[in-house]
Amino acid sequence: MTRVVGLTGVTKRYPGGVTALDGVDLAIEEGELVGIVGPSGSGKSTLLHIVGTLDRPTSGSVEIAGFDVAALSDRELSALRARHVGFVFQAFHLVPGVSALDNVAEGLLYSGLPRAVRRRRAAEALERVGLADRARHRPHELSGGQKQRVAIARAVVGDPELLLADEPTGALDSASGESVMQLLHDLSAAGSTIAVITHDLEVAAQLPRRVRLRDGAVVEDVLGSVPPPVRGGAAAAGPPAGAAEGCGSTGGSGPAGAAGGSGTAGGWSGTAGGPGTAGGWSGTASGPGTANEPRTTGGPGTANGPRMTGGPPWPPQGRVPDDAWTGA
Ligand SMILES: Nc1ncnc2c1ncn2[C@@H]1O[C@H](COP(=O)(O)OP(=O)(O)OP(=O)(O)O)[C@@H](O)[C@H]1O
Ligand SMILES: [Mg+2]
């Protein structure tokens, strides 16, 4: 398994004394779909910018797609970014007055490919996001959800190793937001490595791994999609009822175990992407594996790797605080 992101002891201090990140260790392996959650100001966007090499840390090391960021000049960093990283932002950042096709083709501007090839690839990317029939529309002729799909097409048109999304559903109504998240899950199932910041409780719960920040530090890093907690102590054992629906698995065999592609109605059972994790959602508190086993950041393995098997029972005893899925 290839490590796409490796952060060690990353600290970011802004002028004026704000410590936005404080000793963050984070490893993301190829094929993972990771949610970044945490309260406003906790450092999520700062983290994403550093992972995306838009910004450099004050201290600590950052390795992206095998490159040590500190060893690269700004120019080399731009090249690394252009080739290996795709970004999606809450506010879309499409070029106004320019067709969806050309907005997507812009994602290949620094690829060295001829314009005709860029446009052909852009058309294919638009098809991937289900917008082939809107290629000639300009941003103001698209709905919010469609704009975000165009932005995602632009981000993935160059087949980056890493797709980073900062609140991609933040400006969308819930239906459009769902379809954008579905698209991210589909891209993940097809092999993309994705980190997505979200405040949305349900969105976060459906991601196979969540990293929670508070005051610039990783305070939790859990595996396995889980539904929102039931307050008051109910649903103490086994995956709660919504699990099958949310994770595309029924009968307790487990979405993670089905990863690699049973492709059920949920459409994203393949997102966990790999072997292993059998029984991770066994449906019993004593089953092997765990739906949300806390993991050590920076460690080996992946969200879907063998580490999940043999983990502590579900739910983890007292290790997931109540606000774990609230983004708080
Ligand atoms: N350019 C900057 N200069 C100074 N301080 C900054 C800068 N950018 C962010 N900060 C501070 O760093 C901290 C982390 O900000 P960041 O944008 O990463 O938070 P966030 O978790 O993304 O929040 P939100 O959910 O509101 O987007 C905040 O306290 C913020 O005020
Ligand atoms: Mg932010």
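Which residue stands opposite Val85 in β7? Leu162 is the one, and the rest of this tour shows where that pair of strands belongs.

## Before we start

This is a predicted model, where local features need pLDDT of at least 70, side-chain atom pairs count only at pLDDT 80 or more, and totals for chains, interfaces and linings use all residues. Residues are numbered from 1 along each chain as its sequence is written, while chains are lettered from A and ligands numbered from 1 in the order in which they are written.

Helices (H or I, at least four residues) and strands (E, at least two) are DSSP runs, numbered from the N terminus. Two strands pair if DSSP finds at least two bridges between them.

## The six-stranded sheet

Val85 and Leu162 face each other where β6 and strand β7 (residues 162-166) pair in the parallel sense over 5 bridges. They sit in an open sheet of 6 strands with mixed pairing, and reading across it you get β6-β7-β8-β3-β9-β10. At the edges are β6 (85-89) and β10 (217-223), each of which pairs on one side only. From one strand to the next, the twist averages 15 degrees (axes are lines fitted to C-alpha atoms, for helices over the stretch in contact, and angles run from 0 to 180 degrees between N-to-C directions).

Helix α1 lies across β3 (33-37), β7, β8 (193-197) and β9 (209-214), and runs at about 155 degrees to β8. Helix α6 lies across β3, β7 and β8, also at about 155 degrees to β8. Contact here means that the C-beta atoms of two residues, placed from the backbone, lie within 7 Å.

## Two helices side by side

α6 (residues 174-189) also packs with helix α5 (residues 144-156), at an angle of about 20 degrees and with their axes 9 Å apart. That makes α5 roughly parallel to α6 (angles under 35 degrees count as roughly parallel, over 145 as roughly antiparallel, 65 to 115 as roughly perpendicular and the rest as oblique).

On the α5 side, the contact is made by Gly144, Gly145, Gln148, Arg149, Ile152 and Val156; α6 brings Ser176, Ser179, Val180, Leu183 and Leu187. Sorted by type, the contact has 5 nonpolar, 5 polar and 1 charged residues. For that sorting, Ala, Val, Leu, Ile, Met, Phe, Trp, Tyr, Cys and Pro count as nonpolar, Asp, Glu, Lys and Arg as charged, and the others, Gly among them, as polar.

## The four-stranded sheet

There's another open sheet, with 4 strands in the order β2-β1-β4-β5 and antiparallel pairing. Its edge strands are β2 (19-29) and β5. Strand β1 (residues 3-13) pairs with strand β4 (residues 59-64) over 5 bridges, and Val5 has Ile64 as its bridge partner in β4.

Next along, 2 bridges join β4 to strand β5 (residues 67-68), with Glu63 partnered by Asp68. The hairpin of β4 and β5 has 2 residues between the strands, and Ala65 takes a positive phi near 50 degrees there.

## Around the ligand

Ligand 1 is surrounded by residues including Tyr14, Gly16, Val18, Gly43, Lys44 and Thr46 (a residue is near a molecule or strand if its C-beta atom, placed from the backbone, lies within 6 Å of it). Helix α1 (residues 44-51) gives the largest share of this shell, 3 residues. By type, the shell holds 3 nonpolar, 8 polar and 1 charged.
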